[in-house]
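Okay, everyone, thanks for coming. I've got one structure to walk you through today, so let me put it up on the screen.

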Amino acid sequence: MTLRFLEIRTYRVVPGQRDRLHALMTDVAPMLARYGITVVDHGPSVANDEGPQHYYLMRAFRSLAEREDLERAFYGSAEWREQWREDVLACIEDYHTVVVDAGPEVIAGLTRSRQLTGSVDRG
C-alpha cells in the first residue's frame, strides 16, 4: 500500500520560540521515521499576517488506521514523553491538524528532505 494520506499540522508558536521549535522538530523527525511516520516536510511559515509565529509539519500515512496506530505508538513512547514532549510543547501556543486524501504523487512531490524522512513510496 502506498502513502496516500497527508496530515498538515500548523502551529502557533510562542513568541520568540520559532527557531527553537525548528531545531527540536529537526531532531524529532528521525524519531518519527523510526516509528514508521513519513515526515514530508516541516519548517517555519514563510509568510503570514501575524508575524513570525507559525510553523508547519506535514506527515504521510498509508491509511487513516495506520495514522492512528503510529501516532499512538509515537506519542505514547517513553522516548517522546521523557526526552521531547515538554520542550516541544513549551514552544507551542496552539495547533490545528488537517488530513487530506492526497495520493502518492502529491506526497512524493511535496517531500523535501530524504535524509530525515527515509524513502518515499512512489507507487
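So, start with strand β3, residues 54–61: seven of its eight residues are buried, which means the rest of the structure largely encloses this strand. And buried here is a cut-off, under 20% relative accessible area. Keep in mind that we're looking at a predicted model.

Which strands pair with β3? Strand β1, residues 5–13, runs antiparallel to β3, and the two share eight bridges.

Okay, zooming out. How many helices and strands does the protein chain have? Five helices and four strands. If you trace the protein chain along the sequence, the order goes β-α-β-β-α-α-β-α-α.

Now some whole-chain numbers. The protein chain has 123 residues, and 42% of them count as buried. The accessible surface of the protein chain is about 6,800 Å², with carbon and sulfur atoms making up 50% of that. And on contacts: take those in the protein chain with a separation of 6 or more, and 75% of them are between residues 24 or more positions apart.

That's my tour, so over to you for questions.

Terms used
Residues are numbered from 1 along each chain as its sequence is written. This is a predicted model: local features need pLDDT of at least 70, side-chain atom pairs count only at pLDDT 80 or more; totals for chains, interfaces and linings use all residues. Side-chain values use heavy atoms; hydrogens and water are left out. Buried means under 20% relative accessible area, exposed over 50%, partly exposed in between (1.4 Å probe, protein chains only). Contact means heavy atoms within 4.5 Å. Accessible areas come from the Shrake-Rupley method with a 1.4 Å probe; for residues, only the protein chains shown count as cover. Two strands pair if DSSP finds at least two bridges between them.
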